Amino acid sequence: MNSRNLIGRAIVLALLFLGAMLVLTPFFWMLSLSFKSQVEIFSPTISLFPDQLQWDNYRAAFERTTLLRFLVNGLVVCGGILFFQILFALPCAYALAQRRFRGRSLIFGLVLAGLLVPFHVTAIPIFLGLAELRLLNTYGALILPFVASVFGIFLFRQAISAMPVELFEAARIDGLSEGAIAWRIALPLAMPAATAFAIFSVVAHWNDLFWPLIAISDPALAPPPRGILYFRDEESGTDVGPLMAAAVVIVAPMVVAFLLAQRRFIQGLAVGGLKG
Amino acid sequence: MRLIDRTRAEALANLWLAGPATVAVLVLIFIPVSIVALLSFTDYQFGARSFNWVGFDNYLILIKDPQARRAITNTIVYAAIVIPLSILFGLLVALGLHSVMRYAPRLSAILRAAYFLPVAATLVAMAVVWQMLLHPNLGLVNHLLAAADIRGPAWLSDRGLVLYTLAVIGIWQTVGYNMVLFLAGLAAIPEHLYDAAEIDGANRGWERFWTVTWPMLGPTTLFVVVVTATGAFRVFETVATLTRGGPAFASDVLVYAIYREGFVYFKAGYSSAITMVFFVFVLLFTLAKFRLMESRVHYR
(Lines give C-alpha, C1' and ligand atoms only; values in the text may rest on other atoms or scores of the structure.)
Protein backbone atom coordinates (compact mmCIF):
# COMPACT_ATOMS: atom_id res chain seq x y z
CA MET A 1 0.00 0.00 0.00
CA ASN A 2 1.69 3.19 -1.13
CA SER A 3 1.12 6.70 0.15
CA ARG A 4 -0.68 7.87 -3.00
CA ASN A 5 -3.29 5.21 -2.47
CA LEU A 6 -3.63 6.22 1.15
CA ILE A 7 -4.19 9.87 0.26
CA GLY A 8 -6.75 8.85 -2.32
CA ARG A 9 -8.65 6.84 0.27
CA ALA A 10 -8.52 9.72 2.73
CA ILE A 11 -9.99 12.14 0.16
CA VAL A 12 -12.78 9.73 -0.79
CA LEU A 13 -13.66 9.13 2.85
CA ALA A 14 -13.59 12.84 3.67
CA LEU A 15 -15.95 13.62 0.79
CA LEU A 16 -18.28 10.76 1.72
CA PHE A 17 -18.41 11.99 5.33
CA LEU A 18 -19.07 15.54 4.22
CA GLY A 19 -21.91 14.39 1.96
CA ALA A 20 -23.40 12.22 4.69
CA MET A 21 -23.28 15.16 7.10
CA LEU A 22 -25.17 17.35 4.63
CA VAL A 23 -27.75 14.61 4.03
CA LEU A 24 -28.24 14.08 7.77
CA THR A 25 -28.44 17.79 8.67
CA PRO A 26 -32.26 18.00 8.49
CA PHE A 27 -32.54 14.94 10.76
CA PHE A 28 -30.04 16.41 13.21
CA TRP A 29 -31.76 19.80 13.22
CA MET A 30 -35.17 18.21 13.70
CA LEU A 31 -33.91 16.33 16.78
CA SER A 32 -32.04 19.34 18.12
CA LEU A 33 -35.05 21.67 17.84
CA SER A 34 -37.37 19.05 19.32
CA PHE A 35 -35.39 19.21 22.57
CA LYS A 36 -34.92 22.99 22.72
CA SER A 37 -37.08 25.31 24.78
CA GLN A 38 -39.13 28.07 23.16
CA VAL A 39 -36.68 30.70 24.46
CA GLU A 40 -33.70 28.87 23.04
CA ILE A 41 -35.28 28.44 19.60
CA PHE A 42 -36.13 32.13 19.25
CA SER A 43 -32.88 33.47 20.70
CA PRO A 44 -30.78 35.55 18.28
CA THR A 45 -27.71 33.37 18.76
CA ILE A 46 -27.99 29.87 17.49
CA SER A 47 -26.49 26.75 19.07
CA LEU A 48 -26.28 23.41 17.35
CA PHE A 49 -27.13 21.34 20.40
CA PRO A 50 -29.90 21.99 22.92
CA ASP A 51 -28.83 23.32 26.36
CA GLN A 52 -30.33 20.33 28.03
CA LEU A 53 -32.49 17.40 26.96
CA GLN A 54 -36.01 18.26 27.97
CA TRP A 55 -39.07 16.32 26.85
CA ASP A 56 -41.59 19.16 27.20
CA ASN A 57 -41.99 19.50 23.44
CA TYR A 58 -42.90 15.83 23.08
CA ARG A 59 -45.40 16.10 25.90
CA ALA A 60 -46.86 19.23 24.27
CA ALA A 61 -47.05 17.55 20.87
CA PHE A 62 -49.09 14.67 22.26
CA GLU A 63 -51.26 16.89 24.46
CA ARG A 64 -51.99 19.72 22.07
CA THR A 65 -52.63 17.62 18.98
CA THR A 66 -54.18 14.28 18.28
CA LEU A 67 -50.75 12.98 17.32
CA LEU A 68 -51.52 9.54 18.68
CA ARG A 69 -54.70 9.54 16.63
CA PHE A 70 -52.71 10.38 13.47
CA LEU A 71 -50.40 7.43 14.13
CA VAL A 72 -53.34 5.07 14.70
CA ASN A 73 -54.97 6.35 11.50
CA GLY A 74 -51.76 5.67 9.60
CA LEU A 75 -51.66 2.15 11.01
CA VAL A 76 -55.31 1.44 10.17
CA VAL A 77 -55.02 2.84 6.64
CA CYS A 78 -51.71 1.14 5.77
CA GLY A 79 -52.80 -2.14 7.36
CA GLY A 80 -56.18 -2.04 5.64
CA ILE A 81 -54.68 -1.26 2.24
CA LEU A 82 -52.07 -4.01 2.51
CA PHE A 83 -54.62 -6.58 3.70
CA PHE A 84 -56.98 -5.99 0.77
CA GLN A 85 -54.17 -5.66 -1.76
CA ILE A 86 -52.87 -9.13 -0.90
CA LEU A 87 -56.41 -10.54 -0.61
CA PHE A 88 -57.13 -9.47 -4.21
CA ALA A 89 -53.69 -9.88 -5.75
CA LEU A 90 -52.49 -13.27 -4.55
CA PRO A 91 -55.28 -15.54 -5.92
CA CYS A 92 -55.27 -13.63 -9.19
CA ALA A 93 -51.48 -13.91 -9.46
CA TYR A 94 -51.67 -17.65 -8.73
CA ALA A 95 -54.27 -18.14 -11.48
CA LEU A 96 -52.19 -16.10 -13.95
CA ALA A 97 -49.01 -18.00 -13.11
CA GLN A 98 -50.08 -21.61 -12.70
CA ARG A 99 -53.41 -22.09 -14.46
CA ARG A 100 -54.39 -22.04 -18.12
CA PHE A 101 -57.67 -20.38 -19.00
CA ARG A 102 -59.31 -18.16 -21.58
CA GLY A 103 -58.71 -14.49 -20.90
CA ARG A 104 -55.51 -15.16 -18.99
CA SER A 105 -53.29 -13.14 -21.30
CA LEU A 106 -55.94 -10.43 -21.53
CA ILE A 107 -55.95 -10.06 -17.73
CA PHE A 108 -52.16 -10.05 -17.59
CA GLY A 109 -52.17 -7.41 -20.33
CA LEU A 110 -54.50 -5.30 -18.17
CA VAL A 111 -52.11 -5.71 -15.25
CA LEU A 112 -49.13 -4.55 -17.32
CA ALA A 113 -51.08 -1.62 -18.75
CA GLY A 114 -52.25 -0.73 -15.24
CA LEU A 115 -48.61 -0.39 -14.18
CA LEU A 116 -48.40 2.61 -16.50
CA VAL A 117 -51.06 4.58 -14.64
CA PRO A 118 -49.98 6.70 -11.66
CA PHE A 119 -52.61 7.03 -8.97
CA HIS A 120 -52.92 10.80 -9.53
CA VAL A 121 -54.49 10.16 -12.92
CA THR A 122 -57.45 8.29 -11.43
CA ALA A 123 -58.04 10.71 -8.55
CA ILE A 124 -60.88 12.81 -10.03
CA PRO A 125 -63.22 9.95 -11.06
CA ILE A 126 -62.48 8.02 -7.87
CA PHE A 127 -63.34 11.14 -5.87
CA LEU A 128 -66.62 11.42 -7.80
CA GLY A 129 -67.38 7.76 -7.18
CA LEU A 130 -66.69 7.99 -3.46
CA ALA A 131 -68.82 11.14 -3.23
CA GLU A 132 -71.63 9.28 -4.99
CA LEU A 133 -71.32 6.43 -2.48
CA ARG A 134 -71.17 8.97 0.38
CA LEU A 135 -67.87 7.49 1.49
CA LEU A 136 -65.75 10.67 1.56
CA ASN A 137 -64.39 11.44 5.01
CA THR A 138 -64.24 7.82 6.09
CA TYR A 139 -61.43 5.28 6.45
CA GLY A 140 -63.03 3.62 3.43
CA ALA A 141 -62.16 6.65 1.29
CA LEU A 142 -58.51 6.27 2.27
CA ILE A 143 -58.35 2.49 1.76
CA LEU A 144 -60.74 1.59 -1.08
CA PRO A 145 -58.97 3.35 -4.00
CA PHE A 146 -55.79 1.32 -3.44
CA VAL A 147 -57.14 -2.22 -2.95
CA ALA A 148 -56.45 -3.25 -6.56
CA SER A 149 -52.67 -3.22 -6.81
CA VAL A 150 -51.55 -4.22 -10.30
CA PHE A 151 -48.04 -3.95 -8.98
CA GLY A 152 -48.85 -6.55 -6.32
CA ILE A 153 -50.39 -8.89 -8.89
CA PHE A 154 -47.33 -8.43 -11.10
CA LEU A 155 -44.82 -9.17 -8.31
CA PHE A 156 -46.72 -12.21 -7.02
CA ARG A 157 -47.19 -13.56 -10.52
CA GLN A 158 -43.45 -13.35 -11.20
CA ALA A 159 -42.70 -15.16 -7.92
CA ILE A 160 -45.31 -17.89 -8.40
CA SER A 161 -44.33 -18.44 -12.06
CA ALA A 162 -40.88 -19.43 -10.89
CA MET A 163 -42.27 -22.23 -8.70
CA PRO A 164 -42.31 -25.81 -10.10
CA VAL A 165 -45.60 -26.92 -11.67
CA GLU A 166 -45.28 -30.38 -10.06
CA LEU A 167 -45.68 -28.81 -6.65
CA PHE A 168 -49.15 -27.58 -7.51
CA GLU A 169 -50.05 -30.82 -9.34
CA ALA A 170 -49.17 -32.77 -6.21
CA ALA A 171 -51.32 -30.49 -4.08
CA ARG A 172 -54.27 -31.00 -6.45
CA ILE A 173 -53.86 -34.78 -6.28
CA ASP A 174 -53.88 -34.46 -2.49
CA GLY A 175 -57.30 -32.90 -2.90
CA LEU A 176 -56.53 -29.31 -1.94
CA SER A 177 -58.90 -26.72 -3.35
CA GLU A 178 -57.47 -24.07 -5.65
CA GLY A 179 -58.00 -21.38 -3.01
CA ALA A 180 -56.18 -23.45 -0.42
CA ILE A 181 -53.31 -24.00 -2.87
CA ALA A 182 -53.01 -20.24 -3.41
CA TRP A 183 -53.03 -19.34 0.27
CA ARG A 184 -51.34 -22.33 1.91
CA ILE A 185 -48.73 -23.26 -0.70
CA ALA A 186 -48.10 -20.32 -3.05
CA LEU A 187 -48.15 -17.57 -0.39
CA PRO A 188 -45.60 -19.11 2.03
CA LEU A 189 -43.26 -19.78 -0.88
CA ALA A 190 -43.74 -16.27 -2.22
CA MET A 191 -42.81 -14.70 1.13
CA PRO A 192 -39.74 -12.78 -0.17
CA ALA A 193 -41.91 -11.13 -2.82
CA ALA A 194 -44.66 -10.54 -0.25
CA THR A 195 -42.20 -8.86 2.14
CA ALA A 196 -40.80 -6.61 -0.56
CA PHE A 197 -44.32 -5.68 -1.64
CA ALA A 198 -45.47 -5.07 1.93
CA ILE A 199 -42.56 -2.72 2.62
CA PHE A 200 -43.14 -0.86 -0.62
CA SER A 201 -46.87 -0.53 0.02
CA VAL A 202 -46.67 0.51 3.68
CA VAL A 203 -43.93 3.09 3.07
CA ALA A 204 -45.79 4.56 0.08
CA HIS A 205 -49.09 4.91 1.93
CA TRP A 206 -47.64 5.99 5.28
CA ASN A 207 -45.89 8.83 3.44
CA ASP A 208 -48.70 9.78 1.04
CA LEU A 209 -50.16 13.26 1.25
CA PHE A 210 -51.93 13.66 -2.10
CA TRP A 211 -54.91 11.40 -1.50
CA PRO A 212 -55.57 12.21 2.20
CA LEU A 213 -55.55 15.89 1.22
CA ILE A 214 -58.38 15.17 -1.22
CA ALA A 215 -60.41 12.41 0.40
CA ILE A 216 -60.82 13.67 3.96
CA SER A 217 -61.40 16.97 5.71
CA ASP A 218 -61.91 15.57 9.20
CA PRO A 219 -58.66 15.84 11.24
CA ALA A 220 -59.76 12.81 13.27
CA LEU A 221 -59.17 10.64 10.20
CA ALA A 222 -55.86 12.18 9.10
CA PRO A 223 -52.88 9.88 8.53
CA PRO A 224 -49.55 11.27 9.85
CA PRO A 225 -48.48 13.51 6.91
CA ARG A 226 -51.92 15.14 6.70
CA GLY A 227 -51.98 15.39 10.49
CA ILE A 228 -48.70 17.25 10.84
CA LEU A 229 -49.93 19.86 8.34
CA TYR A 230 -53.07 20.45 10.43
CA PHE A 231 -50.78 20.97 13.41
CA ARG A 232 -48.41 23.31 11.54
CA ASP A 233 -51.23 25.42 10.10
CA GLU A 234 -52.89 25.81 13.50
CA GLU A 235 -49.87 26.80 15.53
CA SER A 236 -48.84 29.55 13.06
CA GLY A 237 -45.10 29.52 13.67
CA THR A 238 -44.91 29.84 17.44
CA ASP A 239 -44.76 26.22 18.57
CA VAL A 240 -41.67 25.18 16.67
CA GLY A 241 -40.46 22.81 19.42
CA PRO A 242 -43.62 20.71 19.64
CA LEU A 243 -43.93 20.77 15.83
CA MET A 244 -40.44 19.29 15.48
CA ALA A 245 -41.23 16.74 18.20
CA ALA A 246 -44.31 15.73 16.19
CA ALA A 247 -42.13 15.43 13.07
CA VAL A 248 -39.74 13.15 14.95
CA VAL A 249 -42.60 10.93 16.10
CA ILE A 250 -44.04 10.68 12.57
CA VAL A 251 -40.72 10.01 10.85
CA ALA A 252 -39.54 7.55 13.51
CA PRO A 253 -41.55 4.40 12.61
CA MET A 254 -40.26 4.19 9.02
CA VAL A 255 -36.71 5.26 9.93
CA VAL A 256 -36.46 2.76 12.80
CA ALA A 257 -37.95 0.00 10.64
CA PHE A 258 -35.43 0.84 7.94
CA LEU A 259 -32.46 0.80 10.32
CA LEU A 260 -33.56 -2.57 11.75
CA ALA A 261 -34.14 -4.28 8.40
CA GLN A 262 -31.96 -2.34 5.97
CA ARG A 263 -31.50 -4.98 3.30
CA ARG A 264 -35.19 -5.89 3.07
CA PHE A 265 -36.17 -2.23 3.11
CA ILE A 266 -33.84 -1.29 0.31
CA GLN A 267 -35.02 -4.30 -1.71
CA GLY A 268 -38.65 -3.39 -1.18
CA LEU A 269 -38.22 0.23 -2.21
CA ALA A 270 -35.90 -0.59 -5.12
CA VAL A 271 -38.46 -3.03 -6.48
CA GLY A 272 -40.97 -0.17 -6.33
CA GLY A 273 -39.01 1.50 -9.12
CA LEU A 274 -40.66 -0.96 -11.51
CA LYS A 275 -43.98 0.74 -10.91
CA GLY A 276 -45.04 3.66 -13.10
CA MET B 1 -71.34 -35.68 -17.85
CA ARG B 2 -68.53 -35.83 -15.40
CA LEU B 3 -66.30 -34.04 -17.91
CA ILE B 4 -68.73 -31.14 -18.09
CA ASP B 5 -68.82 -30.92 -14.30
CA ARG B 6 -65.07 -30.87 -14.26
CA THR B 7 -64.70 -28.06 -16.79
CA ARG B 8 -67.40 -26.10 -15.03
CA ALA B 9 -65.62 -26.47 -11.72
CA GLU B 10 -62.38 -25.37 -13.34
CA ALA B 11 -64.02 -22.32 -14.89
CA LEU B 12 -65.59 -21.45 -11.56
CA ALA B 13 -62.21 -21.71 -9.85
CA ASN B 14 -60.67 -19.34 -12.40
CA LEU B 15 -63.51 -16.89 -11.96
CA TRP B 16 -63.22 -17.09 -8.22
CA LEU B 17 -59.43 -16.66 -8.21
CA ALA B 18 -58.91 -13.98 -10.86
CA GLY B 19 -62.37 -12.37 -11.06
CA PRO B 20 -62.36 -10.07 -8.01
CA ALA B 21 -58.97 -8.57 -8.79
CA THR B 22 -59.86 -8.09 -12.45
CA VAL B 23 -63.09 -6.29 -11.59
CA ALA B 24 -61.26 -4.14 -9.03
CA VAL B 25 -58.56 -3.22 -11.58
CA LEU B 26 -61.21 -2.26 -14.14
CA VAL B 27 -63.25 -0.21 -11.67
CA LEU B 28 -60.32 1.51 -9.94
CA ILE B 29 -57.93 2.05 -12.87
CA PHE B 30 -59.29 1.62 -16.37
CA ILE B 31 -62.76 3.13 -15.99
CA PRO B 32 -61.37 6.16 -14.10
CA VAL B 33 -58.73 6.76 -16.78
CA SER B 34 -61.43 6.76 -19.49
CA ILE B 35 -63.59 9.12 -17.43
CA VAL B 36 -60.69 11.55 -16.89
CA ALA B 37 -59.99 11.55 -20.62
CA LEU B 38 -63.65 12.39 -21.34
CA LEU B 39 -63.93 14.99 -18.57
CA SER B 40 -60.91 16.83 -19.93
CA PHE B 41 -63.11 17.91 -22.88
CA THR B 42 -65.86 19.32 -20.64
CA ASP B 43 -66.37 22.27 -18.32
CA TYR B 44 -67.65 19.98 -15.56
CA GLN B 45 -67.40 21.29 -11.99
CA PHE B 46 -67.66 19.10 -8.90
CA GLY B 47 -71.21 19.28 -7.57
CA ALA B 48 -72.70 20.63 -10.81
CA ARG B 49 -75.78 18.94 -12.26
CA SER B 50 -74.68 19.17 -15.88
CA PHE B 51 -71.75 20.04 -18.11
CA ASN B 52 -70.95 21.18 -21.64
CA TRP B 53 -68.51 19.75 -24.12
CA VAL B 54 -65.86 22.37 -24.74
CA GLY B 55 -63.54 20.55 -27.12
CA PHE B 56 -59.88 21.38 -26.58
CA ASP B 57 -60.58 24.59 -24.61
CA ASN B 58 -59.09 23.26 -21.36
CA TYR B 59 -55.92 22.21 -23.12
CA LEU B 60 -55.69 25.55 -24.94
CA ILE B 61 -55.93 27.46 -21.65
CA LEU B 62 -53.20 25.27 -20.21
CA ILE B 63 -50.90 26.01 -23.14
CA LYS B 64 -51.77 29.65 -23.82
CA ASP B 65 -52.45 31.20 -20.42
CA PRO B 66 -49.06 32.33 -19.07
CA GLN B 67 -49.99 31.53 -15.47
CA ALA B 68 -51.45 28.12 -16.22
CA ARG B 69 -48.47 27.23 -18.38
CA ARG B 70 -46.15 27.71 -15.41
CA ALA B 71 -47.26 24.33 -14.05
CA ILE B 72 -45.79 22.68 -17.14
CA THR B 73 -42.65 24.79 -17.50
CA ASN B 74 -41.86 24.66 -13.77
CA THR B 75 -42.21 20.89 -13.73
CA ILE B 76 -39.82 20.62 -16.67
CA VAL B 77 -37.29 22.99 -15.08
CA TYR B 78 -37.54 21.15 -11.77
CA ALA B 79 -37.00 17.80 -13.50
CA ALA B 80 -34.15 19.21 -15.59
CA ILE B 81 -32.31 20.13 -12.38
CA VAL B 82 -33.18 17.12 -10.25
CA ILE B 83 -32.62 14.36 -12.83
CA PRO B 84 -28.96 15.01 -13.75
CA LEU B 85 -27.79 16.14 -10.30
CA SER B 86 -29.53 13.41 -8.35
CA ILE B 87 -28.08 10.81 -10.72
CA LEU B 88 -24.59 12.33 -10.68
CA PHE B 89 -24.46 12.48 -6.87
CA GLY B 90 -26.00 9.01 -6.60
CA LEU B 91 -23.31 7.64 -8.89
CA LEU B 92 -20.45 9.43 -7.10
CA VAL B 93 -21.62 8.25 -3.67
CA ALA B 94 -22.07 4.70 -4.96
CA LEU B 95 -18.56 4.68 -6.48
CA GLY B 96 -17.12 5.97 -3.19
CA LEU B 97 -19.00 3.49 -1.03
CA HIS B 98 -18.16 0.63 -3.39
CA SER B 99 -14.44 1.33 -3.01
CA VAL B 100 -14.70 1.78 0.78
CA MET B 101 -16.51 -1.56 0.98
CA ARG B 102 -13.23 -3.35 0.10
CA TYR B 103 -11.33 -2.22 3.17
CA ALA B 104 -14.00 -1.04 5.60
CA PRO B 105 -17.29 -2.85 4.91
CA ARG B 106 -18.93 -1.80 8.21
CA LEU B 107 -18.20 1.87 7.63
CA SER B 108 -19.47 1.61 4.07
CA ALA B 109 -22.74 0.08 5.31
CA ILE B 110 -23.21 2.84 7.90
CA LEU B 111 -22.64 5.58 5.32
CA ARG B 112 -25.02 3.83 2.92
CA ALA B 113 -27.73 3.87 5.60
CA ALA B 114 -27.12 7.59 6.19
CA TYR B 115 -27.54 8.43 2.51
CA PHE B 116 -30.65 6.27 2.20
CA LEU B 117 -32.37 7.75 5.27
CA PRO B 118 -34.24 10.53 3.38
CA VAL B 119 -35.80 7.92 1.08
CA ALA B 120 -37.39 6.11 4.02
CA ALA B 121 -38.34 9.22 6.03
CA THR B 122 -41.81 10.73 5.63
CA LEU B 123 -41.24 13.54 3.15
CA VAL B 124 -44.00 15.82 4.44
CA ALA B 125 -42.59 15.80 7.96
CA MET B 126 -39.09 16.37 6.61
CA ALA B 127 -40.38 19.23 4.47
CA VAL B 128 -41.67 20.88 7.65
CA VAL B 129 -38.13 20.51 9.03
CA TRP B 130 -36.69 22.04 5.84
CA GLN B 131 -39.03 24.95 6.37
CA MET B 132 -37.34 25.55 9.73
CA LEU B 133 -33.85 25.07 8.30
CA LEU B 134 -34.58 27.62 5.58
CA HIS B 135 -36.52 30.10 7.71
CA PRO B 136 -35.27 33.59 6.70
CA ASN B 137 -34.48 34.74 10.26
CA LEU B 138 -34.46 31.71 12.52
CA GLY B 139 -33.19 29.07 10.10
CA LEU B 140 -29.88 27.29 10.51
CA VAL B 141 -28.90 27.92 6.88
CA ASN B 142 -29.16 31.69 7.07
CA HIS B 143 -27.51 31.73 10.50
CA LEU B 144 -24.50 29.91 9.05
CA LEU B 145 -24.45 32.29 6.07
CA ALA B 146 -24.62 35.25 8.45
CA ALA B 147 -21.59 33.89 10.26
CA ALA B 148 -19.77 34.23 6.93
CA ASP B 149 -21.21 37.75 6.53
CA ILE B 150 -23.62 36.74 3.80
CA ARG B 151 -27.22 37.89 3.99
CA GLY B 152 -29.24 34.74 3.35
CA PRO B 153 -32.25 35.12 1.03
CA ALA B 154 -35.85 34.09 1.65
CA TRP B 155 -35.38 30.66 0.12
CA LEU B 156 -39.03 29.73 -0.16
CA SER B 157 -40.71 33.06 -0.86
CA ASP B 158 -38.35 34.54 -3.44
CA ARG B 159 -39.92 34.08 -6.87
CA GLY B 160 -36.64 33.59 -8.64
CA LEU B 161 -35.27 31.17 -6.08
CA VAL B 162 -38.12 29.00 -4.84
CA LEU B 163 -38.05 26.41 -7.62
CA TYR B 164 -34.31 25.85 -7.15
CA THR B 165 -34.77 25.49 -3.39
CA LEU B 166 -37.41 22.82 -4.01
CA ALA B 167 -35.08 21.12 -6.49
CA VAL B 168 -32.35 20.94 -3.84
CA ILE B 169 -34.79 19.26 -1.46
CA GLY B 170 -35.79 16.91 -4.29
CA ILE B 171 -32.15 15.98 -4.89
CA TRP B 172 -31.58 15.48 -1.17
CA GLN B 173 -34.50 13.08 -1.07
CA THR B 174 -33.63 10.96 -4.12
CA VAL B 175 -29.81 10.65 -4.09
CA GLY B 176 -29.96 7.68 -1.70
CA TYR B 177 -32.35 5.79 -3.96
CA ASN B 178 -30.14 6.23 -7.02
CA MET B 179 -27.09 5.33 -4.96
CA VAL B 180 -28.67 1.99 -4.03
CA LEU B 181 -29.46 1.17 -7.66
CA PHE B 182 -25.92 2.08 -8.73
CA LEU B 183 -24.42 0.01 -5.89
CA ALA B 184 -26.35 -3.01 -7.18
CA GLY B 185 -25.08 -2.27 -10.69
CA LEU B 186 -21.48 -1.99 -9.45
CA ALA B 187 -21.69 -5.23 -7.48
CA ALA B 188 -22.74 -7.03 -10.68
CA ILE B 189 -19.59 -6.05 -12.62
CA PRO B 190 -17.31 -9.10 -12.71
CA GLU B 191 -13.86 -8.50 -11.22
CA HIS B 192 -12.04 -10.18 -14.14
CA LEU B 193 -13.04 -7.31 -16.44
CA TYR B 194 -10.91 -4.98 -14.31
CA ASP B 195 -8.02 -7.46 -14.45
CA ALA B 196 -8.35 -7.59 -18.23
CA ALA B 197 -8.41 -3.79 -18.42
CA GLU B 198 -5.28 -3.63 -16.29
CA ILE B 199 -3.45 -5.99 -18.62
CA ASP B 200 -4.49 -3.68 -21.46
CA GLY B 201 -2.83 -0.81 -19.60
CA ALA B 202 -5.82 0.82 -17.90
CA ASN B 203 -4.52 1.01 -14.36
CA ARG B 204 -5.44 4.48 -13.22
CA GLY B 205 -8.74 4.82 -11.36
CA TRP B 206 -10.48 6.91 -13.93
CA GLU B 207 -9.21 4.88 -16.87
CA ARG B 208 -10.73 1.83 -15.21
CA PHE B 209 -13.93 3.85 -14.77
CA TRP B 210 -14.25 4.84 -18.45
CA THR B 211 -13.17 1.50 -19.92
CA VAL B 212 -15.05 -0.88 -17.61
CA THR B 213 -17.33 0.67 -14.98
CA TRP B 214 -19.22 3.22 -17.07
CA PRO B 215 -20.00 0.94 -20.04
CA MET B 216 -21.01 -1.89 -17.72
CA LEU B 217 -23.30 0.45 -15.75
CA GLY B 218 -25.12 1.43 -18.97
CA PRO B 219 -28.37 -0.46 -18.38
CA THR B 220 -28.44 0.57 -14.69
CA THR B 221 -27.93 4.22 -15.62
CA LEU B 222 -30.74 4.20 -18.16
CA PHE B 223 -33.05 2.61 -15.61
CA VAL B 224 -32.04 5.18 -12.98
CA VAL B 225 -32.67 8.04 -15.43
CA VAL B 226 -36.20 6.86 -16.13
CA VAL B 227 -37.07 6.18 -12.48
CA THR B 228 -35.72 9.57 -11.41
CA ALA B 229 -37.57 11.30 -14.24
CA THR B 230 -40.93 9.76 -13.33
CA GLY B 231 -40.31 10.69 -9.70
CA ALA B 232 -39.37 14.27 -10.56
CA PHE B 233 -42.48 14.77 -12.69
CA ARG B 234 -44.61 13.70 -9.76
CA VAL B 235 -43.23 16.27 -7.32
CA PHE B 236 -46.07 17.21 -4.99
CA GLU B 237 -45.42 16.77 -1.25
CA THR B 238 -42.77 19.48 -0.93
CA VAL B 239 -44.77 21.95 -3.02
CA ALA B 240 -47.99 21.33 -1.08
CA THR B 241 -46.18 21.60 2.25
CA LEU B 242 -43.83 24.52 1.62
CA THR B 243 -45.12 26.84 -1.09
CA ARG B 244 -48.59 25.83 -2.33
CA GLY B 245 -47.31 26.64 -5.80
CA GLY B 246 -46.47 30.21 -4.83
CA PRO B 247 -45.37 32.91 -4.70
CA ALA B 248 -47.38 33.94 -7.77
CA PHE B 249 -47.23 30.47 -9.38
CA ALA B 250 -43.42 30.53 -9.24
CA SER B 251 -43.37 26.96 -7.90
CA ASP B 252 -46.59 25.64 -9.41
CA VAL B 253 -46.14 22.10 -10.76
CA LEU B 254 -48.41 19.66 -12.61
CA VAL B 255 -49.58 17.44 -9.74
CA TYR B 256 -50.12 20.43 -7.47
CA ALA B 257 -52.13 22.14 -10.23
CA ILE B 258 -54.27 18.99 -10.56
CA TYR B 259 -54.98 19.19 -6.84
CA ARG B 260 -55.61 22.94 -6.71
CA GLU B 261 -57.80 23.31 -9.79
CA GLY B 262 -59.72 20.10 -9.12
CA PHE B 263 -60.09 19.91 -5.38
CA VAL B 264 -59.71 23.49 -4.17
CA TYR B 265 -61.48 25.30 -7.04
CA PHE B 266 -63.61 22.25 -8.05
CA LYS B 267 -62.88 22.72 -11.77
CA ALA B 268 -63.00 19.01 -12.53
CA GLY B 269 -62.93 19.42 -16.31
CA TYR B 270 -59.91 21.71 -16.36
CA SER B 271 -58.10 19.62 -13.75
CA SER B 272 -58.73 16.53 -15.91
CA ALA B 273 -56.94 18.24 -18.79
CA ILE B 274 -53.92 18.93 -16.55
CA THR B 275 -54.12 15.30 -15.46
CA MET B 276 -53.97 14.12 -19.07
CA VAL B 277 -50.91 16.29 -19.78
CA PHE B 278 -49.22 14.87 -16.67
CA PHE B 279 -50.22 11.36 -17.73
CA VAL B 280 -48.65 11.76 -21.18
CA PHE B 281 -45.33 12.83 -19.64
CA VAL B 282 -45.26 9.93 -17.17
CA LEU B 283 -46.40 7.50 -19.86
CA LEU B 284 -43.47 8.41 -22.09
CA PHE B 285 -40.99 7.72 -19.29
CA THR B 286 -42.66 4.52 -18.16
CA LEU B 287 -42.87 3.12 -21.70
CA ALA B 288 -39.17 3.91 -22.11
CA LYS B 289 -38.54 2.02 -18.86
CA PHE B 290 -40.41 -1.06 -20.06
CA ARG B 291 -38.47 -1.01 -23.33
CA LEU B 292 -35.26 -0.91 -21.30
CA MET B 293 -36.31 -3.77 -19.06
CA GLU B 294 -37.13 -5.90 -22.10
CA SER B 295 -33.78 -5.20 -23.71
CA ARG B 296 -32.03 -6.02 -20.46
CA VAL B 297 -33.77 -9.37 -20.31
CA HIS B 298 -32.56 -10.10 -23.83
CA TYR B 299 -28.94 -9.47 -22.86
CA ARG B 300 -28.94 -12.23 -20.30
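## Close-up views of a predicted model

**View 1. Chain B as a whole.** Chain B has 13 helices and 0 strands; helices (H or I, at least four residues) and strands (E, at least two) are DSSP runs, numbered from the N terminus. This is a predicted model, in which local features need pLDDT of at least 70, side-chain atom pairs count only at pLDDT 80 or more, and totals for chains, interfaces and linings use all residues. Residues are numbered from 1 along each chain as its sequence is written, while chains are lettered from A and ligands numbered from 1 in the order in which they are written. The radius of gyration of chain B (taken over C-alpha atoms) is 25 Å, well over the 19 Å that the globule rule gives for 300 residues, so chain B is more spread out than a compact globule. That rule is 2.2 Å times the number of residues to the power 0.38. Along the principal axes, the C-alpha atoms of chain B fill a box of roughly 75 × 70 × 30 Å.

**View 2. Two packed helices in chain B.** Here helix α3 (residues 66-103) of chain B meets helix α4 (residues 105-120) of chain B at an angle of about 155°, with their axes 7 Å apart. Axes are lines fitted to C-alpha atoms, for helices over the stretch in contact, and angles run from 0 to 180 degrees between N-to-C directions. α3(B) and α4(B) are therefore roughly antiparallel to each other (an angle over 145 degrees). From α3(B), B:Val93, B:Leu97, B:Val100 and B:Met101 take part, meeting residues of α4(B) that include B:Leu111 and B:Tyr115. By class, this contact of α3(B) with α4(B) has 8 nonpolar, 1 polar and 1 charged residues. Ala, Val, Leu, Ile, Met, Phe, Trp, Tyr, Cys and Pro count as nonpolar, Asp, Glu, Lys and Arg as charged, and the others, Gly among them, as polar.

**View 3. Where chain B touches chain A.** In this view, 69 residues of chain B are in contact with 72 residues of chain A (contact: C-beta atoms, placed from the backbone, within 7 Å). Helix α1 (residues 2-39) of chain B gives the most to chain B's side, with 16 residues. That side of chain B has 54 nonpolar, 13 polar and 2 charged residues.

**View 4. A:Val77 and its surroundings.** A:Val77 sits in helix α4 (residues 67-98) of chain A. With 25 C-beta neighbours inside 10 Å, A:Val77 counts as buried (20 or more other C-beta atoms within 10 Å, with C-beta atoms placed from the backbone). Leaving aside neighbours within four places in sequence, A:Val77 is in contact with A:Tyr139, A:Leu142, A:Ile143, A:His205 and A:Pro223. The C-alpha atoms of A:Val77 and A:Pro223 are separated by 7.6 Å, although these residues are 146 residues apart along the chain.

Definitions and conventions:
A residue is buried if 20 or more other C-beta atoms lie within 10 Å of its own, exposed if 12 or fewer, and partly exposed in between; C-beta atoms are placed from the backbone. Two residues are in contact if their C-beta atoms, placed from the backbone, lie within 7 Å. Angles under 35 degrees count as roughly parallel, over 145 as roughly antiparallel, 65 to 115 as roughly perpendicular and the rest as oblique.
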